[in-house]
Structure formats: C-alpha cells, structure tokens
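Have the sequence and the 3D view open as you read.

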Amino acid sequence: MQECKSIIERLRIDDNEVLREAAFEAGEARCEEAVPLLAGLLQSSNLGVQEAADRALRSIGGRSVIQAAIPLLRVDDAPARNLAMDILRALAAQDVASLIPLIRDTDPDIRIFAADILGATDNPAAVPVLCEALLKDPEVNVRYQAAVSLGALARPEAAPCLNKAMEDEEWVQYSVIEALSKIKQSSSVGALVKAMSHTSDLVTSMIIDALGEMGNVKAVPMLLKRLEESPTALRNKIVKAVVRILGGKSLQLLSPDERENLKVYMLVALEDEDLEVQDAAIQGLAFAGGERASEAVLKIASRLDADQDQERLQQIVRALAQIGLTSALRSGLLSDNPDEARVAVLSLAIVDDPSVPQVLIDAFWKHSRDLQRLIIETLSKVAGPSSKAFFLDVLDRHEDGKVLKSAAYVLGQKLHLEDAADKLFALLEHKYDDVKEAGLEACIAIGGPHVNARFQEFYASAEPMKRLMAVYAFGRMGLAEHWESLKKALHDEVPDIRKVALEAIAGMCWESDAWLPLLEDRLRDESRDVRLTAIDLMGRCYGREVIPFLLTALDDEDDWVKVRALDALGAHQEREAVPRVVPLLQHANRLVVIKAVEALGNIGGTSAFRALLDISTSEDEPELQQAVEASIAKVQEAHEGE
Amino acid sequence: MSSLFSKTITLGKELKVSDAEFAQLRDFIYQQCGIYVADNRKYLLENRLANRLKHLNLKNFAEYYYYLQYDAGRKEELNRLFEVITTNETSFYRNPPQLQVFQDQILSDVLQALRKSGQRKLRIWSAGCSTGEEPYTMAMIIAEVLKTELASWDVRITANDLSERVLESARRGVYNEYTLRTTPKEILARYFDKQDMFYNVRPELKKLILFHQINLSDMTQVKRVERSQIIFCRNVIIYFDDDMKKKVIGSFYDNLLPGGYLIIGHSESLHNISRAFKPIHYPGAIIYKKEE
Ligand SMILES: C[S@@+](CC[C@H](N)C(=O)[O-])C[C@H]1O[C@@H](n2cnc3c(N)ncnc32)[C@H](O)[C@@H]1O
C-alpha cells in the first residue's frame, strides 16, 4: 500500500516526534511491512516512541508480530523484553504453534517466559506441554509458572498432572493449589486432602481455602474432622470453607451435634480479622440462629460505615432478619448508636413477625429525625389499621416533610381513613410541593362526600394551585358530577390547569360526541404543551372521528406536536394519512423525518413503500438510514403476511 | 408561577429507561464526550433525567434520545445531560501536598530552564477546570513564586471544560467561603476582593487565564490547544474508559513540550494507560514527565 510506504519511510527518520506519529499511523493502517521496524523501536530510548510502537504492534497483530517479538525475549534491554512479553501475552492466541517450542529452550529464563505466555493462549494445545514442564522441568520456577498458567487456562484435563504435582516442593504447591481451585475437578479434592497429611501450616491453610472455593461436598466430612485439632486461625478458615461449600441452607443436613459444634466455632469466627471469614460465619449463623448470634452480628454491623460497607451491611441485615425478632434486636433498636439502631430497623423491616409494627412505634419518638424517617417508611410497609392512632399523632406533631409523606400514604392509600381527611387537606398547603402531592394523593384515595366537598371549595378558589389540585382530583375520582367543572377548567387562564383538565377528561373518551369538541378546541390552544396533550389523548382514544384532527396537527408549528400526530397515525395504521405524511419526509428537522419514516413503516401499503424507497440516505445519517431500512422491512413483512 | 407543580402530577408518570434505551443513550454519551456510563449508574441516569423528560414533555427515553440529536434545543440539553453524568466538584488548593510539589519542584524547575534559555514564556493547561478553582490556584502560585518578576513574563493558563455552565462561573470568578476553605489567609487577602459574603478574583489574576469550552474526546479540538510546559488534568479521566483514557493521555503527551510535566489526580494513575511518561515519585505526589 502507498500509505504504508510513506509511513515506513518516516519510521526511518531520526526524530522522536515523527517516529511516534508514524508508529501510531502504522498501527491504524495495519501495515504489516512495518513490523520489523516497529519491533526495533521497542528498544528506542524514548518512551513516547516505545509506547507508540507497542500500541501499533498490538493493533497489527498476527503471526508476523509474534515472530518479531520472540527474539526480543533474549535481549538484555529489560524494558524492551517486558514489552515483548506483554505483546506476546496479548497476542498469544493468534499463533500458539510458534510459541510451543520455546518451552523446551535450553535457556531456563526463556522457558519461564514461554510457560507464562502459553497461559494466555486460551488454547487446549498448551495443556500437555505445560503439564510436561510442570512434572519434568528441572528448574523450579518453570514448574511454578507452568502451574500458574494451567490455572489460567482452567481446563479439566490439566487436573491429573496438577494433582500429581502436589508432591513437588512447597513453592510449586502454592501455584498448584491456586490452579486446582480454579479448575474445580472432583478428583482433586482427594489429592488435596491427602497432601494435607504432610504439608506445612501455610500450605494446609491454602488447601482449606481452595477446598472452600471448589465447593465440593466431598470435602466437608474431612474438614469437620480437622476442626477440633486445629488452632483458632485454621479453625476459622475451616468454618469459612464449610459454609462456602454447603451455603447456609445445607448446614441443616449436618447432624445436630455437628451443627451445634459448628455454631460455637462460627461465633468465634466472627472475631476473625479476615472479613471473608466473618462473612461466612454470619451467613452460617443466619441459619443456625439464636440470641447470641443476633447480638454478635448486630455488634459487627454497628461498627460498619453505611456508605463504604453497603454490601456487607445488606448481607448482615438479611442475616439478622433471618434470625428473627430477638431481644438483641429490640435493644439494638433503642440504642444510642444511630448506626446500630439503623441496622435494627432495616432488619425488622424484613423480619416476619406480627409484633414488629408495635416494636417500631414504641421506638419512634425516641430517635432523631433521620431514624424517624427510616422507621416510619418501614412502618408504612408493615403497619396495619391498628396503628392508625400513631400516624394521626404524627400528622399533628411532626414537622418533617418526609415523615409527613409516609404518614399521609398510610392514612390515605393504605387505610382509606375518612377521619384523617381534614388533617391531610392541611398538607395541601404545605410549603413543599412533594408534601402537597403526597397529601393530594392521600385525599383522593380516601374519597367520599366530605373529601369531594373540600375539593369543590378548592375548585372555586382564586388560587391557581388550589384549582389545579381540584381539577386533578376530579379527574382521578372519575365521577360524572365533575364533568361540567372539568369542561369549564379547559378554559382556565392557566395553561397547566387546562392541560390537567384535558387529561382528566381523557377517561371519558367513549362518549366521543361530548368529548371530541372539547379536545378540538384545545388543538388550537396557544400553549404547545396543551396542544401536545390533546394530540396525545386522541392517539390514546382513537377512532375515525379523530383522524381529521390528527392530519391537521401534522401542520402544527411545533415539531413535537407533529411527532405525536405521526406516532398516533402510525400506531393505528392509517392508510389515508399517507399522502399527508409523505411531504414531511422533506422536512428540515431530522426528527420529523425519522418519525415520518417510522409512521410510514407502521402504516404500510404500496404508496408508503414507494415513498420509503425514494428517500435517499447518506452514510453520515445512520439514524435515518436505520429507520428507513427498518420501515421498509416492516412494510415488506406485513405485505407477505397479508 | 410558571408550572405550578403539574410537571409531576401529570397522569401517567413513572419514566423507566429500558435496556435498549439505556444502551442507546450510553453510546451516544460516549460518542459525545468519551464518558462511559457504567451499568450501575443506570438508575441514577433514569432518576435524574426523568425530570428533564417531564419538563420537555417527552414520553420516553427514546424520544429524549431523538431530542438530543435533532431538537432545536439540543445543545442546551446536551449540556444539562453532561451535568447529570459528571460531577464538577473542585476547590481552591485541592490536594495541598501535590501543589507543594508543583510549586517547589516542578514550577521552579520549569522556570529555571526557561530563564536559562532566555525565553520567558510559560504555558500551563488546566484540562477539565470545572468552575475555575484549579487554574486560579495555579495563577496564584505562579504569582507567589515570580512576585514582581511576573510582569516581565509571558504567562498564560489555558483552562477548559466540557460544560459551558461551569466555565461561565469560572469566568465570573466569584467564590464563597466553602470552596476557599483550604486557601491560606494571606493569599485570600492578596488575590481576592471581598464583597459581602463573596470573594472576587482580582483582575490581574484573571488576565493570566483563558477559559474556553473543549471536549477532551474531540481530538481535533485538543490538537489546537497551544503546547504547554505543564498540564493539570486532575479528577477528570476517572469518567473515561481505558480506550478513551489512552487517547486523552496520548494527546497530552503530544501537547507537552519536551521535558514537560503532566499532573493528574492523586487517586488516579497511568498504570495500563501510558508508558510514555516517566513517573517521578515525590512525597505525597507522583508527577509524570515527558523526556527532554
Ligand atoms: C471533578 S471536576 C475536576 C475539577 C478540577 N480539575 C479538580 O481536580 O478540582 C471534573 C471536570 O471534568 C469535566 N469533564 C468531564 N468530561 C470531560 C470532557 N470529555 N472534556 C472536557 N471536560 C470534561 C467535567 O465537566 C468536570 O467539570
């Protein structure tokens, strides 16, 4: 290629900036001819050049790069050698055959490198060669690396040679155990257990971890057997491994004696420094249960940071809930330590016990605002009618918006409590919008003549906010008696009220005689939001009578009104709309064009099809191109189905 | 009384982003500014953008995506979107140990070299400057070091950011107590005018800095930035994925004059991103140097 030629010329110029740029270009253009020069530049003393050559070689890739990088493994220049290593690891899968012979090299360093690189090939052909090196190479570091790489490949056929290598010296055992725990072959459990009779403490503890990792039940009896005779640190690891293998639930499969015994050790393991050990103990205790477990686990939780330890906290909360409503949890709820109390609330929220609501209510007023919010939010999920006095009291006495919202929800949506209506109406004048909204929803949920009368007052108010709420409520209550009021609201001076009124009457669209003229009027509304809503409603409440209006809306000055009309016509496959839609394909706003294309695709038919075929699209408009293709396909499909 | 609170009480609320819509938006954002929105931020995006959708009267996130591409208001909306996905958190004298190294080692080394060559032209680039605290801090440090000599130097700090909104407030140069919390008192007195509760940056400091909008993922824009001796890009590349980091850091390398320095956030590293720089370890900071 011409381009490569000029790049190669520049790769010979002795100027670092030129070299760096040329190297990048060689990579982008994938100039294979440049590979030897680029490989040479890995030895440049300029780091910028080195880096560019490195990137280029990786992006070119393939056999030629691998061949060029291999000799660099033998150079004295350490940075270049490391770069070559990295490149070979990254590209190893592309040419395994060239790499295999290196593992029989006479130079032990090269054999170590080769064992390393072969681990990155993701190719089964590397397994037998690595196994051979693992069992026969005279150099311990080659054997070590071979095991690491077999672990990286994680293929089951490597298990037998790894099992055998457990007889090698300790240094090799480390990596063999790692590898076996990745491969997870059942045959290895026996080999690992057997090895434990003669391994050092460190290796033994690694084996225990590995057995836990492998998750094979076969290992459990033997692990339990070792519990008694092991020192605390090792015992904690065994607890972890057993819980990992059985997962809390299957702990029930152990004999009562074994279980009781294990429970004692799990309580001890809670004190371990290793978080994973702690977590396993927590998981196990969640199933074993009991006062002491509850107390000890809660203690751990109260020392955690709500932001940083989120995940652990969630796990602990689940565990505590599973243990159930203990006295430890009750007194934790009343604790002065807000973190502890918080965990108690979160746990109680999911404890399955009928006395939970009262326990929470009793604690509510003792706490500060943040906890109160959490408690009442929890109560809003678990409390029933017997707690109504509490919530009414909260409405009277509390000032916090969040707390009030929760109370409103319970009294309104949950309990439909008519006695609460007046207190809830007071919330509609609260200074925060979200509290107003919560009060509004609660009142609507309660309904009934009294609530209705109160909303009528609002409707007649001079304050737009009150009128808006009334109109919204009328719509939601769906009573025929509000029909006239809603009609009048369509002409309110405030656009937002008109819009909400429109949505309110949407529910009545089956009476199209009465409904349509009202909507029609709003299609000429000066507010674009109101027009948009009107079109939207026509689409949702579609019938022959709305078609002319939708067609007119295609000429609206606002593009989003056009879009909504196109959506509606498309969704209802309105063939008679096609002649009006086609001109929009020339519209200046690409959004309108795309929506027109989609509409035509939905509508289908010959003339829509022709129009779609006539659109010329260019590469730099992938969105449009995609839309056109999809629509054409859709029309064809529909046609074949006909 | 523009909208009461009808934006929230309109019927049919609950805007959820579907997986397909999320993927679409994510790709779009990545294309636009190189920021990769990870899966675990999907909820955040949904949450924060739902109000935008309601405000724009859009029905779903697919429409929002179209809006961002085609609507007349798209530029403005894009800026809002950027604000949702980035944080602009910053402050004066952020990370003092690093700045100490900058003042005592880096700056003095660069000034020394410039004096020797008789070229009194200093160029610093603050990439991702947010509301301006970082470049003003640079300016103050330079003024402190050069003192009366400053007048005889040609100093310019190029400061840019993706967000027009933060740049606007950077140009204004009015700050409150909180963002100045780690600023030494005597510095406050020398470089700010106090007005009520606020501090205004003095004009002689302002004129050292040139603020303008730039998208670091747009290589053509980045190439046009004047070459500098020192680049600050702190707490910005955290938003990018590795590919994008490599591109941006590569372009910093190209921008730096030989022997120049790159300073990134103290929790960031170039590990696996670039080997072109030589990391220099100082107590409390790692600074990256381009060879002479
Ligand atoms: C957390 S602030 C860091 C401010 C300052 N450098 C510091 O360390 O205090 C990150 C800034 O990077 C900006 N940013 C994010 N992506 C960007 C991009 N692609 N191009 C330019 N600026 C970007 C954001 O707008 C934001 O203001």
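## The largest pocket

Keep in mind that this is a predicted model. Its largest pocket holds about 1500 Å³ of space. There are 49 residues lining that pocket, and those closest to its centre are A:Arg20, A:Phe24, A:Glu51, A:Arg55 and B:Gly250.

The top contributor is α4(A), with 10 residues.

## Two disulfides

Across all chains, the disulfide count is 2. One of them pairs A:Cys4 with A:Cys31, with an S to S distance of 2.0 Å. A:Cys4 sits in helix α1 (residues 2-10) of chain A, while A:Cys31 is in the loop between α2 and α3 (35-41) of chain A, so this pair links distant parts of the chain, 27 residues apart. The link is left-handed, at -95° about the S-S bond, and both cysteines are buried.

A:Cys131 and A:Cys161 make a disulfide too, with sulfurs 2.1 Å apart. It's left-handed, with -60° about the S-S bond. Because A:Cys131 is in helix α9 (residues 126-136) and A:Cys161 in helix α11 (residues 159-165) of chain A, the pair ties together parts 30 residues apart in sequence. A:Cys131 counts as buried at 11% relative accessibility, and A:Cys161 is buried at 8%.

## Cysteines in chain B

Over in chain B, B:Cys129 counts as buried, at 1% relative accessibility. B:Cys233 is buried as well, with a relative accessible area of 1%.

Notes:
Residues numbered from 1 in each chain as written. Chains lettered and ligands numbered in written order. Predicted model: local features only at pLDDT ≥ 70, side-chain atom pairs only at ≥ 80, totals over all residues. Heavy atoms only, no water. 1 Å grid on protein atoms, 1.4 Å probe; cavity = no way out; pocket = protein on both sides within 12 Å on 5 of 7 lines; lining within 4 Å. Points joined across faces, edges and corners; volume = space filled by probe spheres on them. Helix = DSSP H or I, 4+ residues; strand = E, 2+ residues; numbered from the N terminus. Disulfide = S-S within 2.5 Å. Buried < 20%, exposed > 50% of the residue type's maximum accessible area, 1.4 Å probe, protein only.
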